[in-house]
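Dear colleague,

Please find below the structure that I am handing over to you.

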Amino acid sequence: DGKKFKVFSSKPLEDCDIGVGKLKITKNELIIGCGNSTAISIIEIQPEGKKRMPVSAFLNGSSLTEDSKIEF
């Protein structure tokens with residue numbers, strides 16, 4: 001939707017077969033593919049105009065889907 005986010009904490013994941021820029025979303029997890037079988041799992045995020053929050057709280061109220069497009 002053209003919104004911006006700040007990522008405050010994340011952790012790297014290896015041996016992850018998600019394509020570059022692709023998303024994997026579960027109830028409590030947001031993973032972004034980075035290429036070369038790596039990805040990052042977002043732990044804490046701040047949506048534009050909102051407070052910093054755990055990714056699980058963000059996903060609870062978000063319309064983000066695995067088909068959503070993200071830009072870096």
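The count of aromatic pairs in this predicted model comes to 1. The pair is formed by Phe5 and Phe58, and it is edge-to-face because the ring planes stand at 80°, where over 60 is required, with the ring centres 5.4 Å apart. Distant parts of the chain are linked by this pair: Phe5 belongs to strand β1 (residues 5-14) and Phe58 to helix α1 (residues 55-60), 53 residues apart. The two partners may also be described by their accessibility. Phe5 is partly exposed, with a relative accessibility of 39%, whereas Phe58, at 9%, counts as buried.

Both residues return in the description of the largest pocket, whose volume is about 820 Å³. Its lining consists of 25 residues, and those closest to the centre of the pocket are Lys3, Lys4, Phe5, Phe58 and Leu64. At least two lining residues come from each of β1, β3, β4 and α1.

Ser41 is located in strand β4, which covers residues 38-47. Is Ser41 buried or exposed? Its relative accessibility is 4%, and Ser41 therefore counts as buried, the limit being under 20%. Apart from neighbours within four places in sequence, Ser41 is in contact with Ser10, Lys11, Leu13, Glu29, Leu30 and Ile31.

Cys16 is placed in the loop between β1 and β2, the latter being residues 23-25. With a relative accessibility of 12%, Cys16 also counts as buried. When residues up to four places away in sequence are not counted, Cys16 touches Ile31, Ser37, Thr38 and Ala39.

Finally, a word on confidence. The average pLDDT of the protein chain is 92, and 97% of the residues score at least 70. Strand β3 (residues 30-35) has the lowest confidence, at a mean of 94, while strand β5 (residues 53-54) has the highest, at 97.

With kind regards

Terms used: Residues numbered from 1 in each chain as written. Predicted model: local features only at pLDDT ≥ 70, side-chain atom pairs only at ≥ 80, totals over all residues. Heavy atoms only, no water. Helix = DSSP H or I, 4+ residues; strand = E, 2+ residues; numbered from the N terminus. Buried < 20%, exposed > 50% of the residue type's maximum accessible area, 1.4 Å probe, protein only. Contact = heavy atoms within 4.5 Å. Phe/Tyr/Trp six-rings, centres within 6.5 Å; stacked < 30°, edge-to-face > 60°. pLDDT = per-residue confidence, 0-100. 1 Å grid on protein atoms, 1.4 Å probe; cavity = no way out; pocket = protein on both sides within 12 Å on 5 of 7 lines; lining within 4 Å. Points joined across faces, edges and corners; volume = space filled by probe spheres on them.
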